Amino acid sequence: METPSPEIAPQSSLIDCGGLDALIGALSAEGYTVIGPTLGDGAIVYDEIRSAVQLPAGWTETQSPGAYQLARRGDGALFGYAVGPHSWKKLLHAPVLRLWRAQRHHDGSITAQTDPPPPLRYAFIGVRSCDLHAIGIQDRVLIGGQYRDPHYAARRGGVFIVAVNCIVAGGTCFCVSMNTGPRVRRGYDLALTELIDGERHEFLVETGSTRGAAILNRIPKRPAADSDRQSASQATERAASQMGRQLDTGGIKELLLNNLEHPRWDDVAARCLACGNCTMVCPTCFCTTVEDHTDLAAGAAERIRSWDSCYTMDFSHLHGGSVRASIKSRYRQWLTHKMATWFDQFGTSGCVGCGRWITWCPVGIDLTEEVAAIRSGRRDDNG
Amino acid sequence: MPRSRRAKLAVWKFTSCDGCQLSLLDCEDELLELAREVRIANFLEATRAQLKGPYDLSLVEGSITTPADAERIRDIRRRSRALVTIGACATSGGIQALRNFKNVPEFIAAVYAKPQYISTLSTSTAIADHVPVDFELRGCPIDKRQLLEVIGAFINGRKPSIPAHSVCIACKRSGTVCVMVAKKIPCLGPITHDGCGGICPAYGRGCYGCYGPAETVNAASLANAWHAAGASKAQMHRALRSFNANAGEFRAAAEKLDEDD
Ligand code: SF4
Ligand code: SF4
């Protein structure tokens, strides 16, 4: 078949590794703080980068439930891995943030002030399709409705997104099941597909916005041919065929909500640590808690907002104690919110299939297995 | 606004290493403010001056290991409006609670030339096992910011903001890559109370459990994960039998591992 995938725009371009470095340079020159994947602490994490040299060339990883390990690839690919422990939420929806502080004055009056948002504009390099969907979900939750989170809005506004189409899938990925990847569709300024094969190491670049086109105009590139688009399309299809996990989402909301008393919840509760790792690594989880602090004299006070988790007891603490005292009720809350009640609340699934929940669970609980177990042994509570 | 009356603060020591009360002196930047806001009524590491009770806030360090300790803590409780225990010794019995699982007379006979001079209990126990406690601040040693938070809360009549969730939450908030998942290093973090902010994992080590059991503990499941990471039951047992060996859930978890053997 010689016709290129109709998904890839015919006016796409090619850049090489020097071009990618030039892109990072051009974004920095525009005043962006560039964040991209880089090696750190035994994993591929997201951190500030100043040049393409800091990308994890030739590295990949193996992922399975509760296990992540870096590994060498046989080539020098810059994006030859899936997603790691960090997600972009750490930058857009700050893990710990002071909301305001207040000062009591000698005359007894009180003044309060909020901190200005950080004077940063981010450019993200290497945003995968699942994570782009996750950003879309957080946009809807945090700034899409009547009550906008000004802190998220300040960080999110103007983020320049260089997406990357996955050329390999991780052992816990299931974006194909969630219909969120591996090919990015919208929401980016530029989208890259790495073409690496023998001597060849280039990137097919698609443009998703006028500012994306403007930046691209400032770096060395050449027009892509149909054969390049074909190769790019095949590379992503290969990733799609490598999904480490799959999830049957047919009627998933009814399946879960009709099986709230299924014995599988007890089974998973015996394994779950209620440590909260899954909610923290999940790129769509948005819950926070606030704590107030004063100095000793109670002359100054501040309110701190931090990522919270439905796995903590405080999360559901009402008068008299925690409403979800058992691990079972907390695990069930999280899975049913993500996969079922999220539809009612926000119109989509809360899961994008990135697999972080599976990989970064210290005891390797695999939600795809849990849902499959409920499905195969469904007993519909009232049925 | 200046206070009409400064709270009287007392610091008491039982069986302990003094590390926790020294955290108070370690608050170098806040010491002057502290001295402005409270009257130090009893704090032998800082001053020989001792004021009579009653005390608005007593900070109690150390565990109960002698009959005399058991008497003295009742007296201190009677003279204290609020009593807060600080550190693993005072909240669970400390490392010295390892004696709870052994034969103490045998130790005494092995160590002391004249065992008859030694008057000690066969256990090391938490202050809360002897008197009512208003708040327990965890850690071996405690964290000085948490200590200031607790003192500030008590002298201002508010609730201390000291979350009881796992160390994992602290790791994730700070972006630390999980050592258990990425390096197969056995870690107690998932069942350990936060407080340190996840220092050890940030330096590539597993959590040692200094802050004792988190609000929810599933030690049996963690033991399986340790096993998968190549750690034996004996290693997990040893990890649980440290500064917080006598804390309810850690103690029960170690006993369960004994049974399984
Ligand atoms: S599912 Fe795993 S990561 Fe999530 S709370 Fe339970 S043990 Fe922790
Ligand atoms: S390193 Fe330990 S404390 Fe931190 S997330 Fe992993 S298991 Fe939890």
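Predicted model: local features only at pLDDT ≥ 70, side-chain atom pairs only at ≥ 80, totals over all residues.
Modeller: Residues are numbered from 1 along each chain as its sequence is written, chains are lettered from A and ligands numbered from 1 in the order in which they are written, and side-chain values use heavy atoms, with hydrogens and water left out.

Biologist: Which chains surround ligand 2?

Modeller: The shell, meaning residues with a heavy atom within 4 Å of the ligand, includes A:Asn277 as well as B:Cys168, B:Cys171, B:Cys178 and B:Cys187. The site is therefore shared between chains, namely A and B.

Biologist: Which element gives the largest share of the shell around ligand 2?

Modeller: Helices are DSSP runs of H or I with at least four residues, strands are E runs of at least two, and both are numbered from the N terminus. Helix H7 (167-174) and helix H8 (179-183) of chain B each give two or more residues to this shell. The largest share, four residues, comes from H7(B).

Biologist: What area is buried between chain B and chain A?

Modeller: Contact, defined as heavy atoms within 4.5 Å, links 35 residues of chain B with 48 residues of chain A. Buried area is the accessible area (1.4 Å probe) that two parts lose on being put together, summed over both. Carbon and sulfur atoms give 57% of the area between these chains, which is about 3300 Å².

Biologist: Which residues meet in a salt bridge?

Modeller: The criterion is a side-chain nitrogen of Lys or Arg within 4 Å of a carboxyl oxygen of Asp or Glu. By this rule, one salt bridge is found across the interface of chain B and chain A. At 3.8 Å from N to O, the partners are B:Lys183 and A:Asp41.

Biologist: Where is B:Pro141 placed?

Modeller: A cis peptide bond joins B:Cys140 to B:Pro141, with omega about -5°. B:Pro141 is in the loop between strand E5 (135-137) and H6 of chain B.

Biologist: Is B:Asp18 buried or exposed?

Modeller: B:Asp18 is not a glycine, although its phi is positive at about 80°. Its place is the loop between strand E1 (7-13) and helix H1 (19-25) of chain B. Buried means under 20% relative accessible area, exposed over 50%, and partly exposed in between (1.4 Å probe, protein chains only). Because its relative accessibility is 14%, B:Asp18 counts as buried.
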